[in-house]
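Please look at the sequence and the model before reading on.

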Amino acid sequence: MSTPEPPPPAPPANKPAQPRNPLHGVTLEAMVVGLADYFGWDELGRQIPIRCFQIDPSVGSSLKFLRKTPWAREKVESLYLFMLRDQRRNAQN
């Protein structure tokens, strides 16, 4: 009796590229650092009024909070997209 051969390994699933998604491949840390550099912590705390941006702000404390809080992360992503659009507009002028 011969044992049946196992099926060949499946080819790796190609994930569809997301060329039109500006957040694709951008980590939450990169967003927070970019926003803090662009706006500064004071303005960032005014734009998104959450304690991790207003009281003794740091990247670490912000990441800890944002990873647990989907509504706050959505606000950060939205402001990050606004920042990217603003940077593009300023570069064209």
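The sections below treat the helices, the core, the salt bridges and the aromatic pairs in turn.

## Basis of the report

This is a predicted model, in which local features need pLDDT of at least 70 and side-chain atom pairs count only at pLDDT 80 or more, while totals for chains, interfaces and linings use all residues. Residues are numbered from 1 along each chain as its sequence is written, and side-chain values use heavy atoms, with hydrogens and water left out.

Helices here are DSSP runs (H or I, at least four residues), numbered from the N terminus. Helix α4 covers residues 59-68, and serine 62 lies in it. The relative accessible area of serine 62 is 0%, so this residue is buried; the term buried means under 20% relative accessible area, exposed means over 50%, and partly exposed lies in between (1.4 Å probe, protein chains only). Residues up to four places away in sequence aside, serine 62 touches Val32, Trp41, Cys52 and Phe53, where contact means heavy atoms within 4.5 Å.

The buried residues of α4 are Ser62, Leu63 and Leu66. They are on the same side of α4, because they cover an arc of only 100 degrees around the axis; the arc is that of the directions from the helix axis to the C-beta atoms. Lys64 and Lys68 are exposed on the other side of α4. The cover over the buried residues of α4 includes α1 (28-39), α2, α3 (51-54) and α5.

Helix α5 has 23 residues and spans 33 Å from its first C-alpha to its last, close to the 33 Å expected at 1.5 Å a residue. The expected span is 1.5 Å times one less than the number of residues. Buried in α5 are Ala72, Val76, Leu79, Tyr80, Met83, Leu84 and Asp86, and the buried residues of this helix pack against α1, α2, α3 and α4.

A nonpolar core is a set of buried Ala, Val, Leu, Ile, Met, Phe, Trp, Tyr and Cys residues joined through side-chain atoms within 4.5 Å. The largest such core has 19 residues, of which Leu35, Ile48, Ile50, Phe53, Leu66, Val76 and Tyr80 touch the most other members. At least two residues of this core come from each of α1, α3, α4 and α5, and α5 gives the largest share, six residues. Apart from neighbours within four places in sequence, valine 76 is in contact with Leu28, Met31, Leu35, Ile48, Phe53 and Leu66.

## Leucine 44 in helix α2

Which residues does leucine 44 contact, leaving aside its neighbours within four places in sequence? They are Leu35, Ala36, Phe39, Phe53 and Leu79. Leucine 44 lies in helix α2 and counts as buried, at 0% relative accessibility. Between leucine 44 and leucine 79 there are 35 residues of separation in sequence, and their C-alpha atoms are 9.2 Å apart in space.

## Salt bridges

How many salt bridges does a search of the whole structure find? The search finds three, a salt bridge being a side-chain nitrogen of Lys or Arg within 4 Å of a carboxyl oxygen of Asp or Glu. Glutamate 43 is joined to arginine 46, with the closest N and O atoms 3.2 Å apart. These two residues are three residues apart in helix α2 (residues 41-47), so about one helical turn separates them. Glutamate 43 is partly exposed at 25%, whereas arginine 46 is exposed at 58%.

Arginine 73 forms a salt bridge with glutamate 77, the closest N and O atoms being 3.1 Å apart. Their separation in helix α5 (residues 70-92) is four residues, which means about one helical turn. Arginine 89 and aspartate 86 meet in a salt bridge of 3.6 Å, N to O, and both lie in helix α5, three residues apart. Arginine 89 is partly exposed at 42% relative accessibility, but aspartate 86 is buried at 18%. An α-helix has 3.6 residues a turn, so residues three or four places apart point the same way.

## Aromatic pairs

Rings of Phe, Tyr and Trp (its six-membered ring) pair if their centres lie within 6.5 Å; planes under 30 degrees apart count as stacked, over 60 as edge-to-face and the rest as tilted. By this rule there are three aromatic pairs. One of them is the edge-to-face pair of tyrosine 38 and phenylalanine 39, at 4.9 Å centre to centre and 90 degrees between the planes.

The pair of tryptophan 41 and phenylalanine 53 is tilted, because the ring centres are 6.0 Å apart and the planes stand at 45 degrees. This pair links distant parts of the chain, with tryptophan 41 in helix α2 and phenylalanine 53 in helix α3, twelve residues apart. Tryptophan 41 is partly exposed at 23%, while phenylalanine 53 is buried at 2%.
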